[in-house]
Amino acid sequence: MSKKPIIFCDFDGTVTNNDNIIAIMKNFNPPGWEQLKDQVLAQEISIKEGVGKMFSLLPSEKKQEVTEFVLDQAEIRPGFEEFVAYTAANNIKLLIVSGGIDFFVHPLLEPYNIPEENIFCNGSDFNGESIEITWPHSCDGNCENECGCCKPSILRNYDSKAYHKIVIGDSITDLQAAKQADEVFARDFLLEKCKALLLNYQPFETFYDVIELLKEREEELV
Ligand SMILES: [Mg+2]
Ligand SMILES: [Zn+2]
């Protein structure tokens, strides 16, 4: 009996070519954001704390300006539309698991008809003076990293005996999920980490590559 394939696909730097949070911060450049970014990278503060504090540097009244900017600059990685269609046609469950924020993740994914309940990301509240990030998918009792949107917790919701878990991603924020996956499709930093840790991985650049990898597995997985 074969296991059911399920894909956990990162958003920033994977579905989109760039990291949208970094693009927002670079463009609006609120004083102090770079120190926060450096602290996150040095693992002095959690991703949750860093992202929350970065957005708190931006006034809520900039909501429209920030939203328009991020939607305008984001580029979707080639083959994504075909990839979503391929998973739907082949009954492969596709979840988007993103440390990004709802106000750009949802509109950017809108054209692709991914069911809303399959999109996991952080939330936002523009009612206060500054932008507040909310955390509907926080870490479960088995994760102490304060991920914000906790990818390993989401993976744990699916029984490893029933599912063949594939993680697609690009960065440090995918690493803990990648360690739990049956298989990883990786690029950039995550690819180097997968090599170093001898995980079961395949490199990819575009979603056309991902489709080819899935086709190779078609018989064993579907
Ligand atoms: Mg990423
Ligand atoms: Zn976590």
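A disulfide is a pair of cysteine sulfur atoms within 2.5 Å. Keep that cut-off in mind as we walk through this predicted model, starting with its cysteines.

How many disulfides does the rule give? The count comes to 0. Take Cys 149: its sulfur lies 7.0 Å from the closest cysteine sulfur, in Cys 121, which is too far for a bond. Cys 121 is buried, with a relative accessible area of 5%, and Cys 149 counts as buried at 4% relative accessibility.

**The two metal sites**

Other cysteines hold a metal. The zinc ion (ligand 2) is coordinated through the SG atoms of Cys 139, Cys 143, Cys 147 and Cys 150. The magnesium ion (ligand 1) has Asp 10, Asp 12 and Asp 170 as its coordinating residues. Here are the two sites in one view:

| Ion | Donors | Distances | Spacing along the chain |
|---|---|---|---|
| zinc ion (ligand 2) | Cys 139 (SG), Cys 143 (SG), Cys 147 (SG), Cys 150 (SG) | 2.2 to 2.3 Å | C-x3-C-x3-C-x2-C |
| magnesium ion (ligand 1) | Asp 10 (OD), Asp 12 (O), Asp 170 (OD) | 2.1 to 2.2 Å | D-x1-D-x157-D |

For comparison, the ideal angle for four tetrahedral donors is 109.5 degrees.

At the magnesium ion (ligand 1), Asp 10 and Asp 170 contribute OD atoms, while Asp 12 contributes its O atom. Asp 12 sits in the loop between strand S1 (4-9) and helix H1 (20-28), and Asp 170 in the loop between strand S5 (163-169) and helix H8 (175-180), so this pair ties together parts that are 158 residues apart in sequence. Are these two aspartates buried or exposed? Asp 12 counts as buried at 9% relative accessibility, and Asp 170 counts as buried at 8%.

**A cavity in the protein**

The structure holds 1 cavity of 30 Å³ or more, and the largest cavity has a volume of about 40 Å³. Its lining includes Asp 10, which is also a donor to the magnesium ion (ligand 1). S1, S5 and helix H7 (151-156) each supply at least two of the lining residues. By class, the lining has 7 nonpolar, no polar and 3 charged residues.

Definitions and conventions: Residues are numbered from 1 along each chain as its sequence is written. Chains are lettered from A and ligands numbered from 1 in the order in which they are written. This is a predicted model: local features need pLDDT of at least 70, side-chain atom pairs count only at pLDDT 80 or more; totals for chains, interfaces and linings use all residues. Side-chain values use heavy atoms; hydrogens and water are left out. Donors are N, O and S atoms within 2.8 Å of the metal (3.2 Å for Na, K and Ca); water is not among the atoms, so sites may look incomplete. Helices (H or I, at least four residues) and strands (E, at least two) are DSSP runs, numbered from the N terminus. Buried means under 20% relative accessible area, exposed over 50%, partly exposed in between (1.4 Å probe, protein chains only). On a 1 Å grid over the protein atoms alone, a cavity is a set of points where a 1.4 Å probe fits but cannot get out, and a pocket is an open set with protein on both sides within 12 Å along at least five of seven lines; lining residues have an atom within 4 Å of a point. Grid points are joined across faces, edges and corners, and a volume is the space filled by probe spheres set on the points. Ala, Val, Leu, Ile, Met, Phe, Trp, Tyr, Cys and Pro count as nonpolar, Asp, Glu, Lys and Arg as charged, and the others, Gly among them, as polar.
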